[in-house]
Amino acid sequence: MINVLFAARPERWNTYETPLRDALSAPGIDAHLSQEIAPDQVDYIVYAPNSDVQDFAPFTRAKAVLNLWAGVERITGNETLKIPLARMVDPGLTKGMVEWVTGHVLRYHLGMDRHIVNPGHEWAVHTAPLAQERDVVILGLGALGTACAEVLVALGFRVTGWSRSAKDVAGVSCLHGDAGLAEALARAEIAVTLLPDTPATTNLINAHTLAQMPRGAFLINPGRGPLIDDDALISALDAGQIAHATLDVFRTEPLPQAHPFWAHPQVTVTPHIAAETRASTASQSIVENIRRGEAGEPWLNLVDRDLGY
Ligand code: NDP
Ligand code: OXD
């Protein structure tokens, strides 16, 4: 019998208990799942970084922490965590992100706002270019960025992706490293940031990089708030360098009422809803890692603690 601790806010238990139990009932796994297990008896920790568990030292026999979130910035620096940490890659979350990103790219590409808000009832004919005439740049070509890029390619967009290491994604112009960033930004009529929050990505979108984008570019950030220097973005919006930004994530969440993003006419704020982890598919991902742990197979989606993602 293996003991699986569910360490997340109590309300998440209602969402996850049944799908996790269903997934754990797979042949070959004999597991006890609970919100309360003596730490020295726990084999796996299904974990949300905002749970009460912040000290991993008492979990003396635990084999892995299986994160319920894709982002791991709140746990990578935890000195008490010595065992492997896997992040969430969930087909349901990925689909949600693809839909959210595609929707916001299409909003900008088609100029939908012209007609959605039209108090003067102007008969303003505007023909949008076709997708094949539009450059979209995805900063971050991981699980989510790649899935978004593939769908945008299928819609016909000219898609460039940028990552730390070299990639090969069909139909996507793949750039990487510091050398590739300027080239990617220069193409970014619409930029989507799907990078993790790490020391290397903090303030990646700053006065210098915003100035490297084409004038009147659009920015969509479902990654993490610290990717953007907020003051630099507001200056770029005010100057017309950036035409509009859609921001789902922020340095402080919920976004404080006094933050200038709320009132800025060229900013759309969404409340960290770009993509939710979906309990049924996420449970399958978690249990696959438990199966692997028991079989001595390599973990999926292992976090590199030095890189921070
Ligand atoms: P992955 O770890 O799969 O991908 C991260 C990508 O970023 C990789 O392509 C990686 O490059 C690239 N990258 C990391 N550091 C650098 C760097 N210094 N320079 C250039 N590229 C870099 O993550 P996911 O795609 O699964 O998720 C991305 C982020 O999305 C998460 O970290 C999370 O913050 C956010 N998120 C937001 C949600 C929301 O609802 N708003 C929901 C879920 C996730 P390489 O491939 O070479 O390693
Ligand atoms: C996540 C998120 O990291 O929701 O999973 O942002």
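A contact here means heavy atoms within 4.5 Å.

## Basis of the model

This is a predicted model, in which local features need pLDDT of at least 70 and side-chain atom pairs count only at pLDDT 80 or more, while totals for chains, interfaces and linings use all residues. Residues are numbered from 1 along each chain as its sequence is written, chains are lettered from A and ligands numbered from 1 in the order in which they are written, and side-chain values use heavy atoms, with hydrogens and water left out.

## Contacts of T268

T268 touches R107, H244, A245, T246 and L247, leaving aside residues up to four places away in sequence. T268 itself is in strand β12, residues 267-269. Helices (H or I, at least four residues) and strands (E, at least two) are DSSP runs, numbered from the N terminus.

The side chains of T268 and R107 are joined by a polar contact of 2.9 Å. A polar contact is a pair of N or O atoms within 3.5 Å; within protein, one must be able to donate a hydrogen and the other to accept it, and residues adjacent in sequence count only if both atoms are side-chain atoms.

## Overall fold

The protein has nine helices and twelve strands. Its C-alpha atoms fill a box of roughly 65 × 40 × 35 Å along the principal axes.

Of the contacts in the protein with a separation of 6 or more, 62% are between residues 24 or more positions apart. Buried residues make up 50% of the 309 residues, where buried means under 20% relative accessible area, exposed over 50%, and partly exposed in between (1.4 Å probe, protein chains only). The protein exposes about 14,700 Å², and carbon and sulfur atoms supply 54% of that area. Accessible areas come from the Shrake-Rupley method with a 1.4 Å probe; for residues, only the protein chains shown count as cover.

## Ligand 1

Ligand 1 is surrounded by 29 residues, the closest being R87, S165, K167, D248 and Y309. A residue counts as near a molecule or strand if one of its heavy atoms lies within 4 Å of it. By class, this shell has 16 nonpolar, eight polar and five charged residues. Ala, Val, Leu, Ile, Met, Phe, Trp, Tyr, Cys and Pro count as nonpolar, Asp, Glu, Lys and Arg as charged, and the others, Gly among them, as polar.

An oxygen atom of ligand 1 is 2.5 Å from an N or O atom in the side chain of Y309. A polar side-chain atom of R224 lies 3.3 Å from an oxygen atom of the ligand, and a nitrogen atom of ligand 1 is 2.9 Å from a polar backbone atom of R164. On its own, ligand 1 has 940 Å² of accessible area, of which the protein covers 92%. The elements giving two or more residues to the shell are α2 (91-110), α4 (143-154) and β7 (158-163). The largest share, three residues, comes from α4.

## Ligand 2

W69, A70, G71, R224, H272 and A275 are the residues around ligand 2. This shell has three nonpolar, two polar and one charged residues. A polar side-chain atom of R224 lies 2.7 Å from an oxygen atom of ligand 2. On the backbone side, a polar atom of A70 is 2.8 Å from a ligand oxygen, and an N or O atom of G71 is 2.7 Å from one. Taken alone, ligand 2 exposes 210 Å², and the protein buries 83% of that.

## Backbone geometry

Most residues other than glycine have a negative phi, and most peptide bonds are trans. H272 has a positive phi of about 50 degrees. H272 is found in the loop between β12 and α9 (279-295), and is partly exposed, with a relative accessible area of 33%.

H121 also has a positive phi, near 50 degrees. H121 is in the loop between α3 (113-116) and β6 (135-139), and counts as exposed because its relative accessibility is 70%. The peptide bond from E253 to P254 is cis, with omega near -10 degrees; P254 lies in the loop between β11 (242-247) and α8 (260-263).
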